[in-house]
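Work through the exercises below with the sequence and the structure in view. Try each task before reading its solution.

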Amino acid sequence: MLQVLARPVGHSATTGLSQLIAAASKPSFKLRATGSPFESKDKLKGRGYRWDADAKVWTCTLASQEQLDAELAWLKAEVYGRRAARLEIEVLDSLVRYSARRGEAADRSL
């Protein structure tokens, strides 16, 4: 495994290990579409959201701030429309991404 991670990836000079470390240092975001209307469930499911039955909310995980911004714009246009909505956003860093601990909360209104 160490030999595989130490080799350059593709035509670049970066190794697999350096790419893994760089990816781990970037935050990802867990978005919870709270209070979404029932009729939007098919749109959310088609967009890759998963239903969290315990919390009764649709969730998805986004890999970058750009994806988060695009998703918030889509939610406003396609799901919530003119309704006011308060979304829960959890910032996941390398310490909490694959653990039971929660990330830093960052609520946002639409």
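**Exercise 1: two neighbours in sequence**

At 5% relative accessibility, Val57 counts as buried. The model used here is a predicted one.

Task: Decide where Val57 is placed and which residues Val57 touches, then ask whether Lys56 is buried or exposed.

Solution. 
- Step 1. Val57 has its place in strand 3.
- Step 2. The cut-off for buried is under 20% relative accessible area. The value for Val57 is 5%, so this residue is buried.
- Step 3. Leaving out residues up to four places away in sequence, Val57 touches Arg32, Ala33, Thr34, Arg50, Trp51 and Asp52.
- Step 4. Ser36 is 21 residues from Val57 along the chain, and the C-alpha atoms of the two are separated by 7.9 Å.
- Step 5. Lys56 sits in the loop between strand 2 (50–52) and strand 3. Exposed means over 50%; Lys56 has 64% relative accessibility and therefore counts as exposed.
- Step 6. The phi of Lys56 is positive, near 55°, although Lys56 is not a glycine. As a rule, most residues other than glycine have a negative phi.

**Exercise 2: the nonpolar core**

Task: State how many residues the largest nonpolar core has and which element gives the largest share of this core.

Solution. 
- Step 1. The largest nonpolar core has 17 residues. Leu31, Leu44, Tyr49, Leu75 and Tyr80 are those with the most contacts inside this core.
- Step 2. Two or more residues of this core come from each of strand 1, strand 3 (57–62), helix 4 (65–80) and strand 4 (86–92).
- Step 3. Helix 4 gives the largest share, 6 residues.
- Step 4. Take Tyr49 as an example. Apart from its neighbours within four places in sequence, Tyr49 is in contact with Leu31, Ala33, Leu44, Trp58, Thr59, Cys60, Glu71, Trp74 and Leu75.

**Exercise 3: helix 4**

Task: Find which residues of helix 4 are buried, what covers them, and where helix 4 bends.

Solution. 
- Step 1. The buried residues in helix 4 are Leu68, Glu71, Leu72, Trp74, Leu75, Val79 and Tyr80.
- Step 2. Their cover includes strand 1, helix 3 (41–46), strand 3, strand 4 and strand 6 (108–109).
- Step 3. The bend in helix 4 is at Trp74 and amounts to about 25°.
- Step 4. Val79 has a relative accessibility of 8%, so Val79 counts as buried. Beyond four places in sequence, the contacts of Val79 are Ser36, Pro37, Ser40, Leu44 and Trp74.
- Step 5. Val79 and Lys30 are 49 residues apart in sequence, and their C-alpha atoms are 17 Å apart in space.
- Step 6. Tyr80 counts as buried because its relative accessibility is 3%.
- Step 7. After helix 4 comes Gly81, with a positive phi near 60°.

**Exercise 4: the largest pocket**

Task: Give the volume of the largest pocket, name the residues that line the pocket, and say how the lining divides into nonpolar, polar and charged residues.

Solution. 
- Step 1. The volume of the largest pocket is about 150 Å³.
- Step 2. Ser28, Lys30, Arg32, Thr61, Glu90, Leu92, Val96, Arg97, Ser99, Arg101 and Arg102 line this pocket.
- Step 3. Sorted by kind, the lining has 2 nonpolar, 3 polar and 6 charged residues.
- Step 4. At least two lining residues come from strand 1, and at least two from strand 4. Strand 1 gives the most, with 3 residues.
- Step 5. Ser28, one of the lining residues, lies in strand 1 (residues 28–33). Its relative accessible area is 7%, so Ser28 is buried.
- Step 6. With residues up to four places away in sequence left out, Ser28 touches Thr61, Leu62, Ala63, Glu90, Val91, Leu92 and Arg97.

Definitions and conventions
Residues are numbered from 1 along each chain as its sequence is written. This is a predicted model: local features need pLDDT of at least 70, side-chain atom pairs count only at pLDDT 80 or more; totals for chains, interfaces and linings use all residues. Side-chain values use heavy atoms; hydrogens and water are left out. Helices (H or I, at least four residues) and strands (E, at least two) are DSSP runs, numbered from the N terminus. Buried means under 20% relative accessible area, exposed over 50%, partly exposed in between (1.4 Å probe, protein chains only). Contact means heavy atoms within 4.5 Å. A nonpolar core is a set of buried Ala, Val, Leu, Ile, Met, Phe, Trp, Tyr and Cys residues joined through side-chain atoms within 4.5 Å. On a 1 Å grid over the protein atoms alone, a cavity is a set of points where a 1.4 Å probe fits but cannot get out, and a pocket is an open set with protein on both sides within 12 Å along at least five of seven lines; lining residues have an atom within 4 Å of a point. Grid points are joined across faces, edges and corners, and a volume is the space filled by probe spheres set on the points. Ala, Val, Leu, Ile, Met, Phe, Trp, Tyr, Cys and Pro count as nonpolar, Asp, Glu, Lys and Arg as charged, and the others, Gly among them, as polar. The bend at a residue is the angle between axes fitted to the seven residues ending there and the seven starting there.
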